[in-house]
Amino acid sequence: MTVHRGSAETSVEVSGEVDLASVGAFRSALLAAVRTEAPTVVVDLAEVDFLDALGLGALVSARKRAIMSGQRLVVIGARPLAYRLFVLTDLAGPFDVRRREAPPTESPRLRPRPRLAP
């Protein structure tokens with residue numbers, strides 16, 4: 001995890017898996033980002049292979065602290081499985097989650113098809 005500080009935004013770049021083994025470091029990086037003076041905190045999940053409920057909980061805590069500090073926390077680059085976790089927990093909107101676009105080499109046939117409402 002890498003934290004980049006700037007005057008307009010602070011970003012947290014995360015890679016690998018965010019689970020029981022790594023959630024402590026993830027939480028620390030998020031809190032360090034929220035402690036900055038930047039009005040926006042961007043969490044980049046583009047290189048995250050797996051995000052579990054503990055990681056999501058760390059994001060929820062960081063978002064609450066950001067709001068109390070007058071900051072905005074945005075999640076970008078969420079891969080389909082991570083994005084689905086945000087959607088299933090109704091957190092995609094509050095976090096302003098931006099999905100990772102499929103690589104150009106990925107076949108459109110392999111993308112999940114949208115479900116039609118009954």
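How many bridges join β1 to β2, and do these strands run parallel or antiparallel? The two strands are joined by 4 bridges and run antiparallel. Helices (H or I, at least four residues) and strands (E, at least two) are DSSP runs, numbered from the N terminus, and two strands pair if DSSP finds at least two bridges between them.

The structure is a predicted model, in which local features need pLDDT of at least 70 and side-chain atom pairs count only at pLDDT 80 or more, while totals for chains, interfaces and linings use all residues. Residues are numbered from 1 along each chain as its sequence is written, and side-chain values use heavy atoms, with hydrogens and water left out.

Mean pLDDT (the predictor's confidence in each residue, from 0 to 100) is 86 for the protein, and 84% of its residues reach 70 or more. Residues 104-111 have pLDDT below 50, and this stretch has 2 contacts (heavy atoms within 4.5 Å) beyond near neighbours in sequence. Where pLDDT is low, the predicted coordinates should not be read in detail.

An open sheet of mixed pairing is formed by 5 strands in the order β1-β2-β3-β4-β5. Because β1 (2-5) and β5 (98-99) stand at the edges with a single partner strand each, one side of each lacks a neighbour in the sheet. Between β1 and β2, which form a hairpin, lie 3 residues; V3 stands opposite V12 in β2. Strands β3 (residues 40-51) and β4 (residues 72-78) run parallel, joined by 5 bridges, and T40 has R72 in β4 as its bridge partner.
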